[in-house]
Amino acid sequence: EKPVITPRDLDAAVFTSASTVRGFKAAFPELPVKYACCIGRQTADEAAKAGFADIRVAAKATLEDLIKAVEETNKL
């Protein structure tokens, strides 16, 4: 049997769709995450429903802008 590694906390979680938010919360319902970085508004809305408090949204729904949002979050 493979060992299971469960993180204790995260600085940021990066989401590319509403379904990834739901899957993350199903897998780690109690995991504290400081920032949720989302590719677009629909994904951010799902992150808010899932209980994420500090949500960052990419300026445009592109991977490039999502990466920029993560980089900006890391500067905080």
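R22 counts as partly exposed, at 45% relative accessibility; here buried means under 20% relative accessible area, exposed means over 50%, and partly exposed is in between (1.4 Å probe, protein chains only). Before we go on, bear in mind that this is a predicted model, where local features need pLDDT of at least 70 and side-chain atom pairs count only at pLDDT 80 or more, while totals for chains, interfaces and linings use all residues. Residues are numbered from 1 along each chain as its sequence is written, and side-chain values use heavy atoms, with hydrogens and water left out.

Back to R22. Its side chain meets that of E46 in a salt bridge, at 3.5 Å from N to O. The term salt bridge stands for a side-chain nitrogen of Lys or Arg within 4 Å of a carboxyl oxygen of Asp or Glu. R22 sits in helix α1 (residues 18–27) and E46 in helix α2 (residues 41–49), so the pair ties together parts that are 24 residues apart in sequence. Helices (H or I, at least four residues) and strands (E, at least two) are DSSP runs, numbered from the N terminus.

Now look at the other partner. E46 is buried, with a relative accessible area of 15%. Leaving aside residues up to four places away in sequence, E46 touches A18, V21 and R22, where contact means heavy atoms within 4.5 Å.

What about the other salt bridges? The structure holds seven of them. In general, side chains of opposite charge can pair when their charged atoms come close. One of the seven joins D45 to R41, with the closest N and O atoms 3.3 Å apart. D45 and R41 are four residues apart in helix α2, which separates them by about one helical turn. D45 is partly exposed, with a relative accessible area of 39%, and R41 counts as exposed at 52%.

Over in helix α3 (residues 63–74) you'll find E64 and K68, four residues apart, about one turn of the helix. Their salt bridge has its closest N and O atoms 3.9 Å apart. E64 is exposed, with a relative accessible area of 54%, whereas K68 is partly exposed at 43%. Salt bridges that share partners also join R22, E46 and K49 into one network.

Next come the rings. The structure holds four aromatic pairs. Rings of Phe, Tyr and Trp (its six-membered ring) pair if their centres lie within 6.5 Å; planes under 30 degrees apart count as stacked, over 60 as edge-to-face and the rest as tilted. F15 and F24 have ring centres 5.4 Å apart and planes at 80°, so this pair is edge-to-face. Both partners are buried: F15 has 2% relative accessibility, and F24 has 16%. K25 lies over the face of F52, at 5.1 Å from the ring centre; a charge sits over a ring if NZ of Lys or CZ of Arg is within 6 Å of the ring centre and within 35 degrees of the ring normal.

Last stop: K60. You'll find K60 in the loop between β3 (55–57) and α3. K60 is exposed, with a relative accessible area of 56%. Not counting residues up to four places away in sequence, K60 touches I39 and D65. K60 and T6 are 54 residues apart in sequence and 32 Å apart in space, C-alpha to C-alpha.
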